[in-house]
Structures are given as C-alpha cells and as structure tokens.
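Hi,

Here's the structure I said I'd pass on.

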Amino acid sequence: MLIFIDTEFTDLRAPQLISVGLVAEDGREFYAERADVPLEACTPFVRREVLPLLGDPAARRDCDAIARDLRRWLAPYAARPTAIAFDDDRDWLLFYRLLRTHLPLTISGLPMGGAICREAYEDFFLQPGMRRHHALHDARANRHAYRAHARPALSA
C-alpha cells in the first residue's frame, strides 16, 4: 500500500510542522493543521503562501492530538507493509518526528524521486479549489501524478 504525504512547515533549514496531509491509494485521507503555529519561525514565503490557506476548524489541533489522530488513521495499514511516499525529505522527517516511537515497523518511507509525472502534477492544480502549498492538496497532487507516471504507455 502506498500513502502519499505532504507537509507544510515554517522554513527550510529548521522546519517545524504547520500542517500535514496524507492520501492513501484506497482514497482515504488525513489532514491536520497545527493550532499553535510558531509565527516567529515562519519565513516570509510561508507567511504569504501557506498561512492564508489554513483555517479549517475541524483540522486544527496541537501536535500531540495530531500524532494521536494520525496513529489512529494509520492503524488499518499497520497490518501489512505500507510505504509513505514523499517528494521532500522534510516531509518524512516531520512525519517521523510526529509519530516518534509509535511508528509501526510495517510502515516505511519511500522517496518518490522521479516516480511522478511533473505535467500531471502541474495539471492537477488547474482543478477548481486545488491550491499549491496546502498539505492535503499537494498530497492529492502527488497521488495523481504518481498514478499518471505509473500508467502504461498507450500503443499507437
């Protein structure tokens, strides 16, 4: 099973979690926003591009609650090998930090590298309501682009 992840974070050098989105191959989704975003740690880019996309009251919680809810969401996948597919090492780092010692041994990280179709990724954001730098939307785009890359080429 593959689960696609994206996170939004404060800055590139010392990232702190802002939000996390996961989309499984079976269509299940998880999204959470940190209720106590450390604004002083956010870069101008994050303040301009990421923070305005936050504000889902049902998704806002502290890091402990995000970790608890994420463990619960992952539980059905822990019975078999599952890969968390990420396109940026910081996504895996923040996911791993969030779960700490509670990460099941059957769940591992998988860098996507060139396993996504860039054109499909870009086209995904042409859909109404899909916004770059929103963790759940970016995770959906990764899933979409991976599927487009994995599709066999049509013969002429």
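Phe 86, Trp 92, Phe 95 and Tyr 96 are joined into a cluster by ring pairs. A pair here means rings of Phe, Tyr and Trp (its six-membered ring) with centres within 6.5 Å; planes under 30 degrees apart are stacked, over 60 edge-to-face, and the rest tilted. By that rule there are eight aromatic pairs.

One of them is Phe 4 with Tyr 146, a tilted pair at 5.3 Å centre to centre with 50 degrees between the planes. This one links distant parts of the chain: Phe 4 is in strand β1 (residues 2-9) and Tyr 146 in helix α5 (residues 135-150), 142 residues apart. Helices (H or I, at least four residues) and strands (E, at least two) are DSSP runs, numbered from the N terminus.

Trp 73 and Tyr 77 make another tilted pair, 5.5 Å between centres and 50 degrees between planes. Trp 73 counts as buried because its relative accessibility is 9%, and Tyr 77 is buried too, at 1%. Buried is under 20% relative accessible area, exposed over 50%, partly exposed in between (1.4 Å probe, protein chains only). Back in the other pair, Phe 4 is buried at 1%, while Tyr 146 is partly exposed at 25%.

There's also a charge over a ring (NZ of Lys or CZ of Arg within 6 Å of the ring centre and within 35 degrees of the ring normal): Arg 118 lies over the face of Tyr 121, 4.9 Å from the ring centre.

Keep in mind that this is a predicted model: local features need pLDDT of at least 70, side-chain atom pairs count only at pLDDT 80 or more, and totals for chains, interfaces and linings use all residues. Residues are numbered from 1 along each chain as its sequence is written, and side-chain values use heavy atoms, with hydrogens and water left out.

Cheers
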